[in-house]
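Reader: I have a model open and want to work through its packing. Can you take my questions in turn?

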Amino acid sequence: MKTIMITGGSAGIGRATALNLARLGHHVIAIGRNKDRLTALKNKSENIDIISADIATESGRMKVKSFIKKNKIDILINNAGLMTPTGRLSNLNLKSWRYQMSVNVEAPLFLTSGLIENLKHGRVLNIT
């Protein structure tokens, strides 16, 4: 059994991946912003634990980093991501652009760098 941490675990690909990995007997740590969705996910399997955190923010990243320092993680799946709601970059304001870059670029780099020292034989998967 591996311990697998997945960002964006409260919906979409992240949620489906978390559920499938838990069904296979792995211990899954699902990270997401929506605590209600994460709680519903946790209630589906005893193999799932959750961390409610916005990895685009410093406080959210520090919360996850603190967890990483105290626990052995075998696999990190950087799955969280978002795209401008309008679908057009020309309509994206600077605040939204920065948030999008924080989730899609900075957070995976931060989490990977925080975990890499403890991943002696582990893996990092980036879903883009």
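**Packing, burial and cores**

Author: Start with Ala53, which lies in the loop between strand S3 (48–52) and H3. Keep in mind that this is a predicted model.

Reader: Is Ala53 buried or exposed?

Author: Buried means under 20% relative accessible area. Ala53 has a relative accessible area of 7%, so it counts as buried.

Reader: Which residues does Ala53 touch, not counting residues up to four places away in sequence?

Author: One partner, Ile31, also has Ala53 among its own contacts. Leaving out residues up to four places away in sequence, Ala53 touches Ile31, Gly32, Arg33, Gly60, Lys63 and Val64.

Reader: What separates the C-alpha atoms of Ala53 and Asn34?

Author: Along the chain, Ala53 and Asn34 are 19 residues apart.

Reader: Which residues is Arg37 in contact with, leaving aside its neighbours within four places in sequence?

Author: Arg37 and Gly9 are 28 residues apart in sequence, yet 8.9 Å apart in space, C-alpha to C-alpha. With neighbours within four places in sequence left aside, the contacts of Arg37 are Ser10 and Ala11.

Reader: How do H3 and H4 pack, roughly parallel or roughly antiparallel?

Author: Helix H3 (residues 58–70) and helix H4 (residues 94–115) pack at about 25 degrees, with axes 10 Å apart. Angles under 35 degrees count as roughly parallel. So H3 and H4 are roughly parallel.

Reader: How many nonpolar, polar and charged residues has the contact of H3 with H4?

Author: H3 passes H4 in a right-handed crossing. On the H3 side, the contact is made by Arg61, Met62, Val64, Lys65 and Ile68. H4 brings residues including Ser102, Glu106, Phe110 and Leu111. By class, the contact of H3 with H4 has 7 nonpolar, 2 polar and 3 charged residues.

Reader: Which element gives the most to the largest nonpolar core?

Author: The largest nonpolar core has 16 residues, and Ile31, Val64, Ile68 and Leu111 are among those with the most contacts inside it. Strand S2 (27–32), H3 and H4 each supply at least two of its residues. The element that gives the most, with 4 residues, is H4.

Reader: How many residues are in the second, separate core?

Author: This core includes Ile6, Ala22, Val28 and Leu38. Its residue count is 13.

Conventions
Residues numbered from 1 in each chain as written. Predicted model: local features only at pLDDT ≥ 70, side-chain atom pairs only at ≥ 80, totals over all residues. Heavy atoms only, no water. Axes fitted to C-alpha atoms, helices over the stretch in contact; angles between N-to-C directions. Parallel < 35°, antiparallel > 145°, perpendicular 65-115°, else oblique. Left-handed = near helix turned anticlockwise from the far one by under 90°. Contact = heavy atoms within 4.5 Å. Nonpolar A, V, L, I, M, F, W, Y, C, P; charged D, E, K, R; others polar. Core = buried A, V, L, I, M, F, W, Y, C linked by side-chain atoms within 4.5 Å. Buried < 20%, exposed > 50% of the residue type's maximum accessible area, 1.4 Å probe, protein only.
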